[in-house]
Amino acid sequence: MKLYLLPSDSIKSFIKELAEDGSVFYPVFEDDKTHLVKFAEDKDFEPDFEKIRTAENIKHFFFPSRDVVAKFPKDSRPKAEKQYLFGIKSCDLRGIDVYDRVFIKNEPVDPMYQERREKTIIISADCPEPADCCFCNLVGVSPYGEGTCDINVTKISAGLLCEVFTKRGEQILSKHQDLFKEAGKDNIKEREKIRKDALKRLGKINEKSFKEDIGERIEKAGKKTMQDAQKDCVECFACLHACPTCYCFLLSDYKKGKDVERVRTWDACYYAAYARVGGGANPRSDLKDRFWNRLLCKFDYFNEYEGFFACSGCGRCYRGCSGKIDIREILWKL
Amino acid sequence: METVNPVRNSNKVLDQNQKTGFSNEVNPYYSIPIKIKKIIPETSNITTFILEGMPMKFEAGQFAELTVPGVGEAPFTPSSSPYAKDMEFTIMQVGRVTSALFELKQGDLVGVRGPFGKPYPLDDFKGKEIYIVGGGVGFAPLRSLFLALLHNIKKYKKIYIRYGARTPDDIVYRRLIPDWQKINGVDIHLTVDVGDESWQHTVGVVTVLLDEIPVNVKNSPTIVCGPPIMLKFVTQRLVEVGFEHKNIYLSMESNMSCGIGKCNHCRVGKFYVCKDGPVLTWDDVKGIEEPFL
């Protein structure tokens, strides 16, 4: 493993140079929230790599909320463009892991997703300051990138300490090699401390872990447990649309001139009509069943098939929830 | 319970057919345009749509998404033989897409996407008696299976069909059944909930035809398709008389969108009806609280 240092005074130059090759999105901290913004030459910019994940999930970069996936009778679509996601957190990498399984690994491949994924370079950043809503440590996610990303950076006093994970990441570093230095031992030591502190903080926020057989426990839960869990749910669906690992979608057809566009939109399993069939029957007409289905999907079924939870521990579901339902509390009780 | 791995189950056949000619890319969301060749009303609300040609290679049991341009798509199992020249769908008018479909005329364009799901394991049926039970429009996919079996009828010991409809006028393929009844090695019995003066056969729901089951239940496959309530009671009866749970094949109904195991709509317990189904065995679904809704 070779680490490189991007000195503080070169960070902006690096972003500027990347922007010559594609769109660059970097994190800014505003009004107590982080957002990814697009680099523009004529704008002042102050990237912040230390705050927690962005308020919005990043799935729309690969899987937009509204996406034309086919045309009829003749197919066509615009090509995806190159983009750099700079400074996203490791919880969002878990989201990408989930999508990679669903849209690429499990055939047939989704060509739209695959193309966007291939055209997107991911430079993740360590999360040194996990917030109270965070629980990545409970779902097997570290507060720093360990893969899925092309490069991971850690904000240290001297700049960004970069670790390369892919060939593509190597190429980027060699292309912009004038900006980088080889990292020193003290830089690496500083990273170790930052990571240790972040993990310690997460350990304090989430003292209990989920039980080993959490999937089975969700499956076996009684009606009363399910009822209690959803009693504060007002069906605003914020949790599902904010979730970086939810991937349900719906296809709808719309006339456009002489042609028809097949549009894929994000869907959510909490919608009452989600599973309703043509004849009117509905296997999950009751909110408690829909609410519980989300837990089954994320912690039981997905884990069984893919070997990890379809949950990133980002806490966006809790932050967005009108009823302040904390998924951790539900799972801890099981 | 034997577990299958829905999301890992791949669909190679699809890749052959969904090539859109656009960048030589396989787009699983693209529907192949095809014209309606002929429309044959079967009952007051069930119609057979014969398309101009066979847009995809499918096996009995697999399904396709049928599109009414600009309206949307819905999943249907073809009712024609996989070996036929033209693809056919027998469809009941129920919701938005089917209502729009019923407005279409001969020569109009529709789209098909597929095939999706797993076929019936016909190799496992070889040398056996095959016991088919259908109700209402559930005869549509069973016809495709039946025609596929007829194509190689010598390979099977005997084919039994037990079919029920509400009234004699609601019997699907009434125009074809007399010829089928003449085929050696085929045994067809019909029933209706309510008969009329012309009705010479059994009266009662389809389970009355299952009072006596003339097959060796220990190793015969039984295939069931019909409305949920029928599935429930027929399955009960089939289990009671001793059919092996893994030999009871049930057509599952579920909300479906993508057809390729991604959108999550059709999941029933751990199964994706679109990838693991649309036919699952009783062994697969018996652990689910309410498999037939």
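At what angle do the axes of helix α2 and helix α3 of chain A cross? The legends below take that up, then move on to other close-ups. This is a predicted model, in which local features need pLDDT of at least 70, side-chain atom pairs count only at pLDDT 80 or more, and totals for chains, interfaces and linings use all residues. Residues are numbered from 1 along each chain as its sequence is written, chains are lettered from A in the order in which they are written, and side-chain values use heavy atoms, without hydrogens or water.

**View 1. Helices α2 and α3 of chain A crossing.** The axes of α2(A) (residues 90-105) and α3(A) (residues 111-118) come within 9 Å and cross at roughly 135°. That makes the pair oblique (under 35 degrees is roughly parallel, over 145 roughly antiparallel, 65 to 115 roughly perpendicular, and the rest oblique). Helices here are DSSP runs of H or I, at least four residues, and strands are runs of E, at least two. Axes are lines fitted to C-alpha atoms over the stretch in contact, with angles from 0 to 180 degrees between N-to-C directions. On the α2(A) side, Ile96(A), Tyr99(A), Asp100(A), Phe103(A) and Ile104(A) make the contact, meeting Tyr113(A), Gln114(A) and Arg117(A) of α3(A) (contact: heavy atoms within 4.5 Å). Sorted by class, that's 5 nonpolar, 1 polar and 2 charged residues.

View 2. Glu107(A) and Pro108(A) are joined by a cis peptide bond, with omega about 0°.

**View 3. A cis proline in a strand of chain B.** Here the cis bond links Gly114(B) to Pro115(B), again with omega about 0°. Pro115(B) belongs to strand β6 (residues 109-116) of chain B.

**View 4. Asp31(A) and its positive phi.** Though not a glycine, Asp31(A) has a phi of about 45°. Look for Asp31(A) in the loop between β2 (23-30) and β3 (33-38) of chain A.

**View 5. Chain B elements lining the second largest pocket.** Strand β15(B) gives the most to the lining, with 3 residues. At least two residues each come from α3 (122-125), β15 (279-281) and α7 (282-285) of chain B.

Conventions: Ala, Val, Leu, Ile, Met, Phe, Trp, Tyr, Cys and Pro count as nonpolar, Asp, Glu, Lys and Arg as charged, and the others, Gly among them, as polar.
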